[in-house]
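Q: Could you walk me through reading a structure like this one, feature by feature? I'd like the general idea each time and then the case itself.

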Amino acid sequence: MQYMMIPPGQHKLPPLPYPYDALEPVIGQETLRIHHDKHHKSYVEGLNKAELNLVEVRKNNNYEYIKYWENQLAFNGSGHILHSIYWTIMAPIGTGGQPYPLTMQQINQYFGNFNNFKEQFKNATEKVEGSGWGILTWQPTWRHLEILQCEKHQNLTQWSGIPILVCDVWEHAYYLDYQNKRKEYIDKWWKLINWCEVERRLVLAMNGQVPIMMNI
């Protein structure tokens, strides 16, 4: 399937794939509404603004503020991408299923067994310093899965890694429901994982394709 290039400044906020109350009681509808409609939207707007300003930078050959706009591009672009993945790899409790064959095979092959993977992912995510993400990536350079911590949206990135499964641990993702109990949020969030979407993303990544989200 062919995808058209998204022109500078034309990124859009993708709609949630479920109603605001679909992830209750793990994630409340107020949290989901604020997180998606306000926080994610701000990353989309910031990304569009950065891209359009960089168009002007190139047009005018004026690079005085290039450091600022490159930072905004990385921060907001990464936030937009990770949130777009985050919504799709969650599903209402009881509908996300179990890890699919390829996912389980790759987990067992690299981490030894599923429990090893689960405990490493949950502990790495809990111990992200400050705001950030726990991320399972497919690393085509090594040809295996890798668990990474991500500070903010873009720090500590391992280049060429393709996000397969992401858990948001910015406070706005859980504070209304769990206050400062990040571990409790992660433990309950685990029940929301949409393993079908994780498998889809892994299949595409292993075949050299970056999983694309439409309209982002």
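Q: Let's begin with accessibility: is Gln179 buried, partly exposed or exposed?
A: First, keep in mind that this is a predicted model. Burial is read from relative accessible area: under 20% is buried, over 50% is exposed, and partly exposed lies in between. Gln179 comes out at 36%, so it is partly exposed. You'll find Gln179 in the loop between α5 (175-178) and α6 (182-189).

Q: What about the backbone of Gln179, what is its phi?
A: Gln179 isn't a glycine, yet its phi is positive, about 50°. Arg143 is another case: not a glycine either, with a positive phi of about 65°. Arg143 sits in the loop between β1 and β2, and at 45% relative accessibility it counts as partly exposed. There's a glycine to look at too: Gly208, which follows α7, has a positive phi near 80°.

Q: And which peptide bond is cis?
A: Here you look at omega. The bond from Glu24 to Pro25 is cis, with omega near 5°. Pro25 belongs to the segment before α1.

Q: Which residues of α7 are buried, and what do they pack against?
A: The buried set is Trp195, Glu197, Val198, Glu199, Arg201, Leu202, Ala205 and Met206. The buried residues of α7 pack against helices α2 (66-88), α3 (101-111) and α4 (114-126), and against strands β1 (132-139), β2 (144-151) and β3 (162-168). For a number, take Trp195: its relative accessible area is 4%, so it is buried.

Q: How do I describe two helices that pack together?
A: Two packed helices are described by the angle between their axes and the distance between the axes. Take α1 (residues 29-60) and α2: their axes come within 8 Å and cross at roughly 145°. The crossing is left-handed. As for what makes up the contact of α1 with α2, its residues divide into 13 nonpolar, 13 polar and three charged.

Q: Now rings. How many aromatic pairs are there, and how do I read one?
A: A pair of aromatic rings is described by the distance of the centres and the angle of the planes. Searching the whole structure gives 18 aromatic pairs. In one of them, the ring centres of Tyr43 and Phe75 are 5.9 Å apart and the planes lie at 75°; with over 60 degrees counting as edge-to-face, that is what this pair is. Tyr43 is in helix α1 and Phe75 in helix α2, so the pair ties together parts 32 residues apart in sequence. Tyr43 and Phe75 are both buried.

Q: What type of pair do Phe114 and Trp195 form?
A: Phe114 and Trp195 are edge-to-face, 5.9 Å centre to centre with 65° between the planes. This pair links distant parts of the chain, as Phe114 in helix α4 and Trp195 in helix α7 are 81 residues apart. Phe114 and Trp195 also belong to one aromatic cluster together with Tyr110, Phe111, Phe117, Phe121, Trp189 and Trp190.

Q: Where is Gln154, and what is it in contact with?
A: Gln154 is in the loop between β2 and β3. Its relative accessibility is 15%, so it counts as buried. Beyond neighbours within four places in sequence, Gln154 is in contact with Ala74, Phe75 and Ser78.

Q: Can we finish with a strand residue: is Pro163 buried or exposed?
A: Pro163, in strand β3, has a relative accessible area of 19%; the cut-off for buried is under 20%, so Pro163 is buried. Not counting residues up to four places away, Pro163 touches Leu82, Ile85, Ile135, Leu136, Thr137 and Arg201.

How values were computed:
Residues are numbered from 1 along each chain as its sequence is written. This is a predicted model: local features need pLDDT of at least 70, side-chain atom pairs count only at pLDDT 80 or more; totals for chains, interfaces and linings use all residues. Side-chain values use heavy atoms; hydrogens and water are left out. Buried means under 20% relative accessible area, exposed over 50%, partly exposed in between (1.4 Å probe, protein chains only). Helices (H or I, at least four residues) and strands (E, at least two) are DSSP runs, numbered from the N terminus. Contact means heavy atoms within 4.5 Å. Axes are lines fitted to C-alpha atoms, for helices over the stretch in contact, and angles run from 0 to 180 degrees between N-to-C directions. A crossing is left-handed if the near helix is turned anticlockwise from the far one by less than a right angle, and right-handed if clockwise. Ala, Val, Leu, Ile, Met, Phe, Trp, Tyr, Cys and Pro count as nonpolar, Asp, Glu, Lys and Arg as charged, and the others, Gly among them, as polar. Rings of Phe, Tyr and Trp (its six-membered ring) pair if their centres lie within 6.5 Å; planes under 30 degrees apart count as stacked, over 60 as edge-to-face and the rest as tilted.
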